[in-house]
There are 4 protein chains.
Amino acid sequence: MTDRPELRAKSTRPDPSGYYDFKQQLTIDNLFGRYNINEDSFIYKFSSPLDRISYQADSVKRLDQFMKTIDKHSKIIQAATKVFAKKGFFNARISDIAKEAKVADGTIYLYFNNKFDILISVFEEEIGALVDQVSKLLAEEKDPRKMLAIYATSHLSMMKKNKNLAEVIQIELRQSTKLIKEYRNNKFSEYIDIISTIIKLGQEQGIYRADIKPGIAKRAFFGALDEISRVWTLSLKNNYTVEETISQVLDIFLAGMLIPEQKSLNLLENPGLLRQSGKI
Amino acid sequence: MTDRPELRAKSTRPDPSGYYDFKQQLTIDNLFGRYNINEDSFIYKFSSPLDRISYQADSVKRLDQFMKTIDKHSKIIQAATKVFAKKGFFNARISDIAKEAKVADGTIYLYFNNKFDILISVFEEEIGALVDQVSKLLAEEKDPRKMLAIYATSHLSMMKKNKNLAEVIQIELRQSTKLIKEYRNNKFSEYIDIISTIIKLGQEQGIYRADIKPGIAKRAFFGALDEISRVWTLSLKNNYTVEETISQVLDIFLAGMLIPEQKSLNLLENPGLLRQSGKI
Amino acid sequence: MTDRPELRAKSTRPDPSGYYDFKQQLTIDNLFGRYNINEDSFIYKFSSPLDRISYQADSVKRLDQFMKTIDKHSKIIQAATKVFAKKGFFNARISDIAKEAKVADGTIYLYFNNKFDILISVFEEEIGALVDQVSKLLAEEKDPRKMLAIYATSHLSMMKKNKNLAEVIQIELRQSTKLIKEYRNNKFSEYIDIISTIIKLGQEQGIYRADIKPGIAKRAFFGALDEISRVWTLSLKNNYTVEETISQVLDIFLAGMLIPEQKSLNLLENPGLLRQSGKI
Amino acid sequence: MTDRPELRAKSTRPDPSGYYDFKQQLTIDNLFGRYNINEDSFIYKFSSPLDRISYQADSVKRLDQFMKTIDKHSKIIQAATKVFAKKGFFNARISDIAKEAKVADGTIYLYFNNKFDILISVFEEEIGALVDQVSKLLAEEKDPRKMLAIYATSHLSMMKKNKNLAEVIQIELRQSTKLIKEYRNNKFSEYIDIISTIIKLGQEQGIYRADIKPGIAKRAFFGALDEISRVWTLSLKNNYTVEETISQVLDIFLAGMLIPEQKSLNLLENPGLLRQSGKI
DNA sequence: GATGAATGAGACTTCATTCAT
DNA sequence: CATGAATGAAGTCTCATTCAT
C-alpha cells in the first residue's frame, strides 16, 4: 500500500500547498464526530495525485502509471463535483461518487482519506481552475475597470455554464468553511483576493476611489456575484438575461467605486467587452 | 386531541402564512430521500405552536396550556437555532436539540414533524423576527437613502450580535433553499424584497437611478451584506470595525445607485444614523 | 388510585375465571420484552370491570358508578376490537383505541394494565359472547347432527356479520395463543370443546361413529370453519354463497363422521335448519 | 454493482415468479405505515439470491461469489425462520436474525430490502419447498385417495419435524395475508390448490363425490390440517400420536368425500401408506 | 376519576470505511 | 492496484406508559 496521506497531529509545518492549518478553537471534533478527529489542533493534508506517485516518471511504465493515477484521481473529482452538486455533501453517498466515476467504492479510498477529503479536494481543484482561468484573462488587460468586468463576467458565465460547480460553491463553501473556518493559503482566498488586487491596482492608477478599502470591497463584490449565482442555481425562469444582470451589477459597483471623473467607461455601450471575456 | 401538522399531498391552497408551495421540479426526493417526500408537488405546512392548541383559550386551564405550548415550542426553536448554528443541520442531532431545550427527545416530535421541519421553523421564525424588526425601524424613516442604511445596519448588527442566527442563515439558507428552492410567500423573500421596495421608492422620488433594476440590485445588496457577515462568522480577528464596514458597503452602493446630484447625504458625517439604527 | 389489577408472581390459585396460568417454559419474556415480564412462571389476571367496583352496588351512587365503569370498560373493548381487527395487535396504537373509544390515552390505563391486557380482554369477552350465543341455540336442540349444523352456522354467520371479530380471531388467536400457549379454563377452549361435546353426545346416541376421537375431530372441524372464515376476511368476491359453503362443509363432516345408516338427515333438503340457526 | 430489488410503483406485469400483485383496496398503508407503501396498487418484488449476482457464472471467481451469495441469503432465511417462529414477526429484531445468521446487522440489508421483505422471502421459500416436496411424492401416485393421504401426511410430518416452519406458517400466514390479502401466483395458493387438483382428479375418476366443490373442500381440508398443527406447536404433551391423528383426519375427509362404494380403501389397514409418505 | 403532555428506551435502517481476494 | 461484500456504529423517530393537574 502506498503512503496514503493521513491525518496527523500538529507537526512541523509542511510544504504549505495542500495543507490546511486548523485552529485550536474550531471545535472540529464536534462537527465531524464520525471522522474521529479528536485533536484540538492538527494539520490536514488533503489528497493530491502527486502524493501517490514519484515525481520523476523516468520509465515508460512509471509515466504510464502516473497518467493513470492522475486520470483516476481526476475522474473521481469530476464525479464528486457532480454528485455533491446534485445532492449536497451530506446527502451524497460514497457509492454514488464511485458509480459516477465508474470505480469501486473501495478504490476511492486509495485516492482520498475520507469523504471530507474529497470535498476539500473538489473545492481546491475547481476553485483552482477558476483562478487559472480568470488570471489568464486578466493577464491581457490593463484597465482596472475592464478587469473588474472581466472578473464578474468570467465568474458568472462559469457559474451559468457549470451548474454543478456553482452549486458546490454555493452550498459547500458554507458547509466546508464552517468546518475549515479560517484556513490559510487556500485557493478560495486566492480567488477572492484577485478582486482586491484589481481594486488596489485601480487605486494606484487613480481610477478607483482611495477611500475604498479593498478588503471590504472585495467581500461586497464577491457577495453580490455569489448571491446572483445562488439565485440562478435555484430559479428556473430568469427575469433578466445574463448580460443584463452582469451589466447591472458592474454598473453599480463601478459607479460606486470609481472616482467621478473616471466613469466614462460605459459598459453598456461596450457590449463587446462582455462578449470578449464571456468567451470562456 | 389537537391536530398535529402533517405533510399533505397536493391540496387546495390554504391560508398562505405558514405554508410553502413546493414546485414540481425541485427534486426534493433526491435530497431528502429519508423524508419520503415523493409527491411531485405538495404543500408543506411547517409547525407552529398554534397548531397544537385551540384558538379560543376560553378557560383558565386552556390559557395555561396555551402558554405552555407556546413556551415549549419557542424553547425548542431557540435550542435548535443554537445547535444548528454550532454544528450545522446535518451534524446536529435531535438529542442535542432536546438536551439544549431541556426536554426529552420525543417531546420534540410533539411540536415538529421531523428534523427538517425544525429547520424550516427556525428559519421562518428567525427571519420573521428580522422582518419585523427592520420593518419597525423603517416605518419611522422616509428618506430612501437612510432606509437603505437602516436595512444594512440592522442586518449586520443583528448578525454580529446573534452569531447563531448568522450561522443558521449562512449555512441553512443554502441548504434549505436548495431543498425548497424557490418557494413562495416565505419570510426570506419578504425580507429581501424590503430592499427592492426601498429602491423602487427611491426611484419614484427621483433619488435612485431609474436604470437600476430593483430585482437585480436587491440581490447584489443582500449578497454583499451576506458575504460580509459570512466572514464575520468565520474569522476571529477583524481587521475592520463594524461601523467602518457598514459605512464602506453603504458608500459603494449609494454611490453606485444614487443619481449624482443626490449624493449629498454623507453617511460618514452622519454617524448618528448608524448608532440610531444599530440600537437593536 | 384504586386497586388496579396487576401482574403478580405465582401465588395461590385465585378464582379461575379471568386468570391465565402461564407455564414456565413459555418464554414469555422473550416475546414481551417491553412488558418487563421476567418471571418464568406467573399468574396473569386480566382486567374485568368487576375488578374495579364493589360487587354490592348498595347505594344509588355506587350503582351509577358501577354502570359507568361497565360502560367505559365496554366502550374500550369495542374500540379495541375494531382497531385490532383493522390494524392487527402490533400495528394498533393505544392512541387509536383511545380515539375510537373517545377517551384519553391515560384513561385506558385505568381499566387495563397494558396493551396486551386489552388484547386478552377483547379475546375473552368476544369469545365469551360466542360461547353464550351458541350455547343458547344448542340448548333447544337435541339431534347431534343438527347441533353440529347449528354450531357451524352460528360460527360462520357471526364471522360473516362481524368482520372485526373474525379478523381478531384469525390473527390474534395465533399471536396471542403463541404468547399464552396452553392456558387453562379459557373461553376459547370452552368454545372449541362444545364441538367435542356434541360429538360425544352423538356417539352415545349411536349416531356418530364410535371410532371418531372427539379430541381430534373437534380440531378438524373448527379448523375447517376457521379456514373458511379466514378466506372470507380476505377475499372480496366470493365464488360461493354462505349457505352453500356451510352446507358443503357440514356435508363432508357429517358424511365423514356419521354411521352410514344415520345419514338420512339431508341438510340441503332442510334449508330451514340453516335459516333457523342463522337467525342470530 | 448488481441491481438490488426495490419497491416499484405500478409497472407492467413482470415474470410472475417472485412478484406479488397488490390490490388497490388492501389498505397496506394502514398496516405498514413505516414501510411507506403509499401507492394504491403496486408490484412488490421480493428478494431472491439471484438478484444479486450475474446469472452467467462464467469464471471461477464469479461462481465462487455466486455460491457465497446463495449461501448467505439462505443462511439469513434460515435464521429468520427460526427467529420469526420463536418470537413472531413483530417481536423479532433484525439484530436477532443477524446474530442467529452470524452476520452483521447491515449485511441483512444487502440481501433484503427491509424486515417485511425477509418475512415474504421466508414464506415463499419455505412454502416453495413444501410444494416441491409434496409434488414429488404425488408424482408417483395415481390413486386420488392415496394422494390425499400423501398430502396430509407430508404436511403434518413436515410441521411436526420443523416446528419453526410450522410456527411461521401459523402466525405469519395470518399476518402476511392480512397485509397482502389475496395475492396471485404465490406459493401458498399453489400449495393449497394441490388439494383441489387431487379432488378434481378423483371426481373425474368417479371416486370422489361429484357434488363436492373442490374450492370449498380444499379450504376445509387444509384448515383441518392447519388447526391440528397449530395445536402441535402449542401443546407440549400430545394425547394422540401423529399417525393416529393423521389417520383420523383422513378418515373423516375420505368418508365424507368418497362415493360410498369407493370406500374400500381402509387406511387404518394400510399403515404402510402412512409410513411410506412420511419418509420425508 | 379523567386527561393528555411528556418521557425515553429501543428499533430499523443507512452508509463510511475496511480488508480479503 | 482494484474490487465490493461485509461491517457495525449511530441517528431519527415511534409509542407504550406515567403522572401532574
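# Close-up views of a predicted protein–DNA model

**View 1. Surroundings of D:Tyr151 in the predicted model.** D:Tyr151 touches D:Val134, D:Tyr191, D:Ile192, D:Ile194, D:Ile195, D:Ile198, D:Phe221, D:Phe222 and D:Leu225, leaving aside residues up to four places away in sequence; contact means heavy atoms within 4.5 Å. D:Tyr151 is also, with C:Phe84, C:Tyr151 and D:Phe84, among the residues that touch the most other members of the largest nonpolar core, which has 142 residues. Another core, of 140 residues, lies apart from it and includes A:Ala152, B:Ile150, B:Phe188 and B:Ile207. A nonpolar core is a set of buried Ala, Val, Leu, Ile, Met, Phe, Trp, Tyr and Cys residues joined through side-chain atoms within 4.5 Å, where buried means under 20% relative accessible area (1.4 Å probe, protein chains only).

The model is predicted: local features need pLDDT of at least 70, side-chain atom pairs count only at pLDDT 80 or more, and totals for chains, interfaces and linings use all residues. Residues are numbered from 1 along each chain as its sequence is written, chains are lettered from A and ligands numbered from 1 in the order in which they are written, and side-chain values use heavy atoms, without hydrogens and water.

**View 2. Residues around DNA strand F.** DNA strand F is surrounded by 36 residues, each with a heavy atom within 4 Å of the strand. The closest are A:Thr107, B:Tyr109, C:Arg93, D:Thr107 and D:Tyr111. By class, this surface has 16 nonpolar, ten polar and ten charged residues (Asp, Glu, Lys and Arg count as charged; Ala, Val, Leu, Ile, Met, Phe, Trp, Tyr, Cys and Pro as nonpolar; the others, Gly among them, as polar).

View 3. At A:Gly106, a backbone N or O atom lies 3.1 Å from a base nitrogen. Two or more residues each come from helix 2 (60–87) and helix 4 (105–111) of chain A, helix 4 (105–111) of chain B, and helix 2 (60–87) and helix 4 (105–111) of chain D. Helix 4 of chain A gives the most, with five residues; helices are DSSP runs (H or I, at least four residues) numbered from the N terminus.

Technical notes
Buried < 20%, exposed > 50% of the residue type's maximum accessible area, 1.4 Å probe, protein only. Polar contact = N/O pair within 3.5 Å; in protein donor to acceptor, adjacent residues only side chain to side chain.
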